Amino acid sequence: MSMSLPTETQILVVGAGPNGMACAITLKALGLQVTIVDALSRGRYESRSSLVYPRTLAELDTVGLAQPLLDNGISSKGVTFHGDTDTLIAVDVSKLHKLTRFPTTLLISQSDVESIFEDRLKREGVNVIWNKKVVGMASNVLGVEVSLEDGSSVVAQYVFGADGSQSTVRRLSKVDFRDPDTGVSYDANAFPSSALQIILADIYLEEPVPPTILRDAVSWHLNNRILFCPLLRPARGGPEPGAPPTSYWRTAMVVPIGTTTPQHPSLEYIQAEVAKRNPWKQRLHVVKTTQAATYRVRSAVASTFFEKLGTGNILLVGDAAHVHPPTGGQGLNLGLCNVISLGRATARETRQLCRNCRGSESGVAGNISPVHYIVNVALTAAVASQTYPATRFPTRYWRQ
């Protein structure tokens, strides 16, 4: 069922990736009016993150999203790091069973996460409005007026920028976005030749896969710069009938700086790289690739996650706020935890449960929105603790 763009909404979420959809689901579950738009004609469903951690599952469980993911993924022990074939360290999160209801690292393709989230949105009566590219934002007496490329517009009290690393919402808000180590602007240097690259591919391997390739954990072989992650087989898109038995995997391969790599490597290219890097030197036959792409490994953090525009609020989440290397699922996990916490804080504000924050002893000026104060502190702390040393996040990262 298609959905038309309203002229007014409480919440406008820009971007229908996993963070944008989780944000919309959270806000809708808390009783808020939500509209979600995306510039694309449909979801990307790309090969990116494949790990969901215990803390993220606990947050997702608060809005009923953990179990659907668990039902469609592989519950694993965690990640095992190898040098060549020798095991260096095994991170076994199952030992956290006394500390969490979810002592597992869930192995699930990001494309499956997005599909599950979109189905949940539809059941909540919220449909992603596709082909809606944001081109402008302006102050309006009722909030932020967002202009779309097709000439339509919508006024929202809150605009959530969940539109990825090349965020239009961030650019229109004039928020700086830089690498915390080098200080290089992400937006001004979108395709640096000096950046490390990594190939991510979803592949079918012919069985039997050697037992040395773990099926209950992610295997990182550091010397050979290759990762193997078992995944559940998709319902569709497998090898042709009559093909040999196969199993489904995510592989990641780090590409040395300066090496020329296809943006979308072919089956033959992936097979050659897997054979060359396979530390066990046992036969691994790649029968089919479903997705394969090369990504630049970059990091960046927004100078602020929030802006005030007139009486409205602009909030950056997910890759629009912080970009991470694709390995380890940092971006997806941090983003999902952020948007769910942010959704709760936004709901509290709209219900005027945070009025005591205005002009309180915390030193926050009276004209600052409580959600800005609460979530700016929470998000900055989260990014600092999970991604970068806290010393890189001084008080300048939140402003009026």
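Start with helix H1 and helix H4: their crossing is left-handed, a term used when the near helix is turned anticlockwise from the far one by less than a right angle, while clockwise makes a crossing right-handed. Before going on, a word on what you're looking at: this is a predicted model, in which local features need pLDDT of at least 70, side-chain atom pairs count only at pLDDT 80 or more, and totals for chains, interfaces and linings use all residues. Residues are numbered from 1 along each chain as its sequence is written, and side-chain values use heavy atoms, with hydrogens and water left out.

Two packed helices are described by the angle between their axes and the distance between the axes. For H1 (residues 18-29) and H4 (residues 110-123), the axes come within 9 Å and cross at roughly 30°. That makes H1 roughly parallel to H4; angles under 35 degrees get that label, over 145 is roughly antiparallel, 65 to 115 roughly perpendicular, and the rest oblique. The axes here are lines fitted to C-alpha atoms, for helices over the stretch in contact, and angles run from 0 to 180 degrees between N-to-C directions. Helices (H or I, at least four residues) and strands (E, at least two) are DSSP runs, numbered from the N terminus.

Which residues in H1 and H4 meet? On the H1 side, look for Pro-18, Met-21, Ala-22, Ala-24, Ile-25 and Ala-29; on the H4 side, for Gln-110, Val-113, Glu-114, Phe-117, Glu-118, Arg-120 and Leu-121. Contact means heavy atoms within 4.5 Å. Sorted by class, this meeting place has nine nonpolar, one polar and three charged residues. Ala, Val, Leu, Ile, Met, Phe, Trp, Tyr, Cys and Pro count as nonpolar, Asp, Glu, Lys and Arg as charged, and the others, Gly among them, as polar.

By class, the contact of H1 with H7 has eight nonpolar, six polar and one charged residues.

Buried means under 20% relative accessible area, exposed over 50%, and partly exposed in between (1.4 Å probe, protein chains only).

Finally, visit a few single residues. Thr-105, in strand E7 (residues 105-107), counts as buried because its relative accessibility is 1%. Lys-174, by contrast, counts as exposed at 73% relative accessibility, and it has a positive phi of about 60° although it is not a glycine. Last stop: a cis peptide bond, with omega about 0°, joins Glu-207 and Pro-208.
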